[in-house]
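Subject: Handover of the two-chain model

Hello,

I am passing this structure on to you. The sequence and the model come first, and my notes on what was found follow.

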Amino acid sequence: MPSLFRSGNLRLRLTLWYGSAFSILLLLHIGVATYVHYRQLTNQTYHGEIQDLETTEGLVYQTSDGRIAMNEDYFNNPQVRMRLDRHLEILAPDGRILFQDTRLQGASIDGPPLPREGMDSYNERAIRLSDGRKVLVISHFHFLNGRPMILRVAYDEAPLIANVARFLGVLLLLAPVTIVLAMWVVFTVASRALSPLSSMVRRAEKITAERLSERLPVHDASDDLGHAARVFNGLLQRLEDSFSQLKRFTSDASHELRTPLASLRSIGEVSLQNTHSSEEYRDVIASMLEEVRRLTHLVDSLLVIARADSGQIALQLSTFRCMDLIQEVIGVVGILAEDKHQVIRTTGSVEVAVRADRGILRQAILNLVDNAIKYSPSGSEILIDVKKESEEIAEVSITDQGPGIPEDEQTRIFDRFYRVDQGRSRERGGTGLGLSIAKWAVEVHSGTIGVRQSGQGGSCFYVRLPLNS
Amino acid sequence: MQILIVEDESKLAFALQQGLEEEGYAAAVVLSGEDAISWLERTTPDLVLLDVMLSKRNGLSVLREFRRDGFHAPVLLLTALDSVEDRVLGLDAGADDYLVKPFAFPELLARVRALLRRTATTPQSALDLANLHMNLTGRTVTRGGVTLELTSREFDLLEYLMLNRGRVVSREMLTRDVWKETMRYTSLDNVIDVQVARLRRKIDDPFEPKLLHTVRGIGFVLRED
């Protein structure tokens, strides 16, 4: 049974669980009903006994020799509803039996009178007789012609118990039928409620990496299953997006690798077509080595991205001032700006410090400053600003006076291999990965990176980092 | 000086052999880890170049066996794996240095020289090439008696080229040793080219003979020719 409760069939499981809970409740219900019924019958019996006793009090008389007797004629009247299988005894206050009318096969109620028995009101009690039968006793204190006596009436409980047992029997007999019926209803209802699940499962079975565009059917968007289906569809959408991104990345990477490979091959093949001087061969080999350098850079960048994607890079956190990092970057690439007669100006707070992996963050800033220099005209100014964007966020922004980036491309430029101007960027030795590496470097620190149009028409790249990370 | 090259990529192995022999070393090639171990039973080289990803047997297990057999000569690992863990694993196995493929040949030569150098180099206080004089303690440079004004970076660059005078240094070597850039994917090629051009303008343009030469496709060399 326990294994059934854990079985894979949800409908069956629901039905079994419901069936068990329902059975327990039903049995409890039967128990309570039976007890209430028993109590009610007992009260009725006592009530009957009291009436009986009152009648008896009227029928009792004292014979001339002082004995106590009863006018039996009354009971011989067929209209009397009095129970005949009852025990009646009359005691003197000292316990002496004055009269006994036993129809309980000779058993006596026994026992001396209790203190003040029946004096205030009718005394009710249940007693087990010497032969084991249980009787319900009512006793009452009575004066007959000024003579005190105690009257006791006892009814056998057996017929009452039999009644209760019949009642219980009927209920118990009906219980299995009720339970089976209820379980059948639950099974049917559950089957109907879960039928969308079956169709979802059938559809989900067809979904593979190649067919991620499939979606689960949403039968009723407002219910739980509809919600689950929508959540699952959202998950599929994200999976499909990242799969297609991966596919695009793989094909883009192949194309990017092809370009230097094509150059390598052409240079080599052309140089072997005719005989050349050794000086010319040197030139060919040098040119091929330059292409190899490009390939090496590309592969190194791809490796960084692959490693970042798989989350393999462990951050070496330290706390440092943003401005120090910027000065360090300017120390490296500043010479390129000087070469183009550009001026790099830094403004803002010197104090703003962040906790980050300095090497990785440096890469991001280096790429951004390098880009700003590359794409700005000679003699222009590059502005690097550090500020506290809010209490929690530091912002480093790099504003150039270059051509700017069209609004519709401002998010795409962080995509891998995305270039605003394909030919020109490659000419300048770009891999098309610089900004996507910068984006990763910032996001791995829970920061954000973006670009906006600057006032003078150039672009302004900004990096926002949490101050308390 | 005898160098053993353990590399299963035969094209690379024989290219390295030729390059090292042209530099005056005796170089032998074995193409598998098993061959390397049997080779070492007969001969003791002064240095081993060991590929980590050998086809049959991992280079690191070969290296551990070398070291267990009491082989003390320096070992330079060649590998395509460049994560920090890989480096640590290699050094733990008993390697002396680590070079990530694809490497520039001048860089391999520099490492080989460094590993074979028995005595520690005494820090020099001055370097000379032709009439170029570098005072390392005072950080001044003169050529033909004329004092040259160099920036700090230019001085470091010239010092590195002077220490390697007569030998080609690659851009990777400059990136790592002069610019102290540890991340391999940081490309400073443009920066280096501009810096070298400036240095040349200061130390060569007004003087003869020209000392700083670009070796196209490889790097730069400081020599008198």
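A definition is needed before the helix packing: an axis here is a line fitted to C-alpha atoms, for helices over the stretch in contact, and angles run from 0 to 180 degrees between N-to-C directions. Please keep in mind throughout that this is a predicted model.

Helix packing in chain A

With that definition, helix H6 (residues 278-309) of chain A and helix H10 (residues 434-443) of chain A pack at an angle of about 30°, and their axes are 11 Å apart. Angles under 35 degrees count as roughly parallel, so H6(A) is roughly parallel to H10(A). The crossing of H6(A) and H10(A) is left-handed. On the H6(A) side the contact is made by A:Ser301, A:Val304, A:Ile305 and A:Ala308, which meet A:Ser436, A:Ile437 and A:Trp440 in H10(A). By class, the residues of this contact are five nonpolar, two polar and no charged.

The chains as a whole

Chain A has 10 helices and 14 strands. Of its 469 residues, 22% are buried. Among the contacts in chain A with a separation of 6 or more, 63% are between residues 24 or more positions apart.

Chain B has eight helices and 12 strands. It has 225 residues, of which 32% count as buried. For contacts in chain B between residues at least 6 apart in sequence, 55% join residues at least 24 apart.

Where the two chains touch, 18 residues come from chain B and 20 residues from chain A. The chain B side of that contact has eight nonpolar, seven polar and three charged residues.

Two sheets in chain B

One open sheet has five strands in the order S2-S1-S3-S4-S5 (chain B), and the pairing is parallel. Its edge strands are strand S2 (26-30) and strand S5 (97-100) of chain B, each of which pairs on one side only. From one strand to the next, the twist averages 20°. Within this sheet, strand S1 (residues 2-6) of chain B pairs with S2(B) in the parallel sense over five bridges. B:Val6 has B:Val30 in S2(B) as its bridge partner. Helix H1 (residues 10-22) of chain B packs on the sheet and touches S1, S2 and strand S3 (47-51) of chain B; the direction of H1 makes about 170° with that of S2(B).

The other open sheet has three strands in the order S10-S12-S11 (chain B), with antiparallel pairing. Here the edge strands are strand S10 (169-170) and strand S11 (212-215) of chain B, and each pairs on one side only. S10(B) and strand S12 (residues 219-222) of chain B run antiparallel and are joined by two bridges. In that pairing B:Val169 stands opposite B:Phe220 in S12(B).

A buried residue in chain A

A:Ile90 lies in strand S3 (residues 86-91) of chain A. A residue is buried if 20 or more other C-beta atoms lie within 10 Å of its own; A:Ile90 has 22, so it counts as buried. Apart from its neighbours within four places in sequence, A:Ile90 is in contact with A:Val60, A:Ile68, A:Leu98, A:Phe99, A:Met149 and A:Leu151. A:Gln100 is 10 residues from A:Ile90 in sequence, and their C-alpha atoms are 6.4 Å apart.

Backbone details in the loops

There is a cis peptide bond between B:Lys101 and B:Pro102, with omega about -5°. B:Pro102 is in the loop between S5 and helix H5 (105-116) of chain B. A cis peptide bond also joins B:Glu208 and B:Pro209, with omega about -10°. B:Pro209 belongs to the loop between helix H8 (189-203) and S11 of chain B.

A:Asn145 is not a glycine, but its phi is positive, near 50°. The residue is in the loop between strand S6 (134-144) and strand S7 (147-156) of chain A. With 6 other C-beta atoms within 10 Å, A:Asn145 is exposed. B:Ala130 has a positive phi of about 50° and is not a glycine either. B:Ala130 is placed in the loop between strand S6 (126-129) and strand S7 (132-135) of chain B. With 16 other C-beta atoms within 10 Å, B:Ala130 is partly exposed.

Regards

Technical notes: Residues numbered from 1 in each chain as written. Chains lettered and ligands numbered in written order. Predicted model: local features only at pLDDT ≥ 70, side-chain atom pairs only at ≥ 80, totals over all residues. Helix = DSSP H or I, 4+ residues; strand = E, 2+ residues; numbered from the N terminus. Buried ≥ 20, exposed ≤ 12 C-beta atoms within 10 Å, placed from the backbone. Contact = placed C-beta atoms within 7 Å. Nonpolar A, V, L, I, M, F, W, Y, C, P; charged D, E, K, R; others polar. Parallel < 35°, antiparallel > 145°, perpendicular 65-115°, else oblique. Left-handed = near helix turned anticlockwise from the far one by under 90°. Pairing = 2+ DSSP bridges.
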